[in-house]
Amino acid sequence: MLNRITLVGRLTRDPELKTTSTGKTLVEFSIAVNKRGRDGADFFYVKAWEKTGNYVNEYLEKGRLVAVDGRLETNQYEKDGKQVTSYFVTADNVNGLDRPKDDKPSKSKQEQSSDDEYDPFADE
């Protein structure tokens, strides 16, 4: 049997970084995927663990175009006496397909810019 899903869409919100009680990192985000030949979009909730999640958290933000490859999973729970099933994608790979806007540097560049401003050889 095979459980694979590949989606291309845009992040609908900034990724949310979480850490489990065992110290593993988890990033949660959602993407909107346009419907072919129709108006509207389908929305998918995505979880990415460890290295994949760290990449998403570091380099991607709301509005970025991404390709998500992973597996579809379900979560079943009871709410108000009724059995509820929710679906989400656990990402094995996430790739950014566009560049960040030029007017807004990426998170890693913002952190580097403060370090790059100091010049130990500049005249004081």
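**Charged and aromatic side chains**

Guide: R71 counts as partly exposed, since its relative accessibility is 30%. The model under discussion is a predicted one. The side chain of R71 meets that of E73 in a salt bridge, with an N to O distance of 2.9 Å. E73 has a relative accessible area of 24% and is therefore partly exposed as well. R71 and E73 belong to one network, in which salt bridges that share partners also join R4, D69 and D92.

The count of salt bridges comes to 10. Among them is the pair of R10 and D98, whose closest N and O atoms are 3.2 Å apart. This pair links distant parts of the chain, 88 residues apart: R10 belongs to strand β1 (residues 5-11), whereas D98 is in the loop between β6 (82-96) and α2 (107-116). R10 is partly exposed, with a relative accessible area of 40%, and D98 is partly exposed at 25%.

Both R10 and D98 are also in contact with R64. R64 is found in the loop between α1 (50-59) and β5 (65-79). With a relative accessible area of 8%, R64 falls under the 20% limit and therefore counts as buried. Towards Y59 the side chain of R64 reaches the backbone oxygen, at 3.0 Å.

Y59 leads on to the aromatic residues. The count of aromatic pairs comes to 1. Y55 and Y59 form this pair, which is tilted, with 5.5 Å from centre to centre and 40° between the planes. The angle is neither under 30 degrees nor over 60, so the pair is classed as tilted rather than as stacked or edge-to-face. Y55 and Y59 are 4 residues apart in helix α1, and therefore about one helical turn separates them. Y55 is partly exposed, with a relative accessible area of 30%; Y59 is partly exposed too, at 42%.

An aromatic ring also takes part in an arrangement with a charged residue: K47 lies over the face of F88, at 4.3 Å from the ring centre.

The side chains of K35 and D42 meet at 3.7 Å, N to O. K35 is partly exposed at 28% relative accessibility, and D42 is partly exposed with a relative accessible area of 35%.

How values were computed: Residues numbered from 1 in each chain as written. Predicted model: local features only at pLDDT ≥ 70, side-chain atom pairs only at ≥ 80, totals over all residues. Heavy atoms only, no water. Helix = DSSP H or I, 4+ residues; strand = E, 2+ residues; numbered from the N terminus. Buried < 20%, exposed > 50% of the residue type's maximum accessible area, 1.4 Å probe, protein only. Polar contact = N/O pair within 3.5 Å; in protein donor to acceptor, adjacent residues only side chain to side chain. Contact = heavy atoms within 4.5 Å. Phe/Tyr/Trp six-rings, centres within 6.5 Å; stacked < 30°, edge-to-face > 60°. Lys NZ or Arg CZ within 6 Å of the ring centre and 35° of its normal. Salt bridge = Lys/Arg side-chain N within 4 Å of Asp/Glu carboxyl O. Lists of a residue's contacts leave out its neighbours within four places in sequence.
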